[in-house]
Amino acid sequence: QVQLVESGGGLVQAGGCLRLSCVASGSNFAVNAAAWHRQAPGNQREWVATMTRDGSTIYSNSVKGRFTISRDNANNTVYLQMNSLKPEDTANYYCQIFGPTINSYWGQGTQVTVAS
């Protein structure tokens, strides 16, 4: 069974930074690709960032230049470094991790609140 555990959320002031972590555990599991999504109350879930299986990164326009997705393969961990946070970044953030196939797994979410 593959389980994802997210952490790193919290309350920060506008302009601050946070680093979210998503740790994948399971028998013989390796992270091939990953994505981060977020959902604010009353809003649809929004895609934020992707690391492809090739290692390339893609970002939504709303976070480009401020957020960085990365992974630590040795520890089966995916990160989202968030800098220059804005109040509109406030949301519950979810990681999505892909293994060697098209199936994926989702984290439980971690809340990020940015105060103005």
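Which pattern does the protein follow, read along the sequence? The pattern is β-β-β-β-β-β-β-β-β-β-β. This is a predicted model. The secondary structure comes to eleven strands and zero helices. Three salt bridges are present, and R38, E46, R66 and D89 are linked in a network of them.

**Overall shape**
- The protein has 116 residues, and a compact globule of that length would have a radius of gyration near 13 Å.
- The protein has 13 Å, so the value agrees with the globule rule.
- Along the principal axes, the C-alpha atoms fill a box of roughly 45 × 25 × 25 Å.

**Packing and surface**
- Of the 116 residues, 43% are buried.
- Among contacts with a separation of 6 or more, 54% come from residues 24 or more positions apart.

**Charge**
- The protein carries 8 positive and 6 negative side chains.
- The centres of the two sets lie 2 Å apart.
- Side chains of opposite charge can pair when their charged atoms come close.

**R38 and its partners**
- R38 forms a salt bridge with D89, with the closest N and O atoms 2.9 Å apart.
- This pair links distant parts of the chain, 51 residues apart.
- R38 sits in strand 4 (residues 33-39), while D89 is in the loop between strand 8 (77-82) and strand 9 (91-98).
- The side chain of R38 also meets that of E46 in a salt bridge, at 2.9 Å from N to O.
- R38 has a relative accessible area of 5%, so R38 counts as buried.
- E46 has a relative accessible area of 30%, so E46 counts as partly exposed.

**D89 and R66**
- The side chains of D89 and R66 meet in a salt bridge, at 2.7 Å from N to O.
- R66 lies in the loop between strand 6 (57-59) and strand 7 (67-72), and D89 in the loop between strand 8 and strand 9, so the pair ties together parts that are 23 residues apart in sequence.
- D89 has a relative accessible area of 1%; the cut-off for buried is under 20%, so D89 is buried.
- R66 is at 10% relative accessibility and therefore counts as buried too.

**The network in brief**
- D89 takes part in a bridge with R38 and in another with R66.
- R38 takes part in a bridge with D89 and in another with E46.
- Both R38 and D89 are buried.

Technical notes: Residues numbered from 1 in each chain as written. Predicted model: local features only at pLDDT ≥ 70, side-chain atom pairs only at ≥ 80, totals over all residues. Heavy atoms only, no water. Helix = DSSP H or I, 4+ residues; strand = E, 2+ residues; numbered from the N terminus. Rg over C-alpha atoms; globule rule 2.2 N^0.38 Å. Buried < 20%, exposed > 50% of the residue type's maximum accessible area, 1.4 Å probe, protein only. Contact = heavy atoms within 4.5 Å. Lys, Arg positive; Asp, Glu negative; His and termini not counted. Charge placed at Lys NZ, Arg CZ, Asp CG, Glu CD. Salt bridge = Lys/Arg side-chain N within 4 Å of Asp/Glu carboxyl O.
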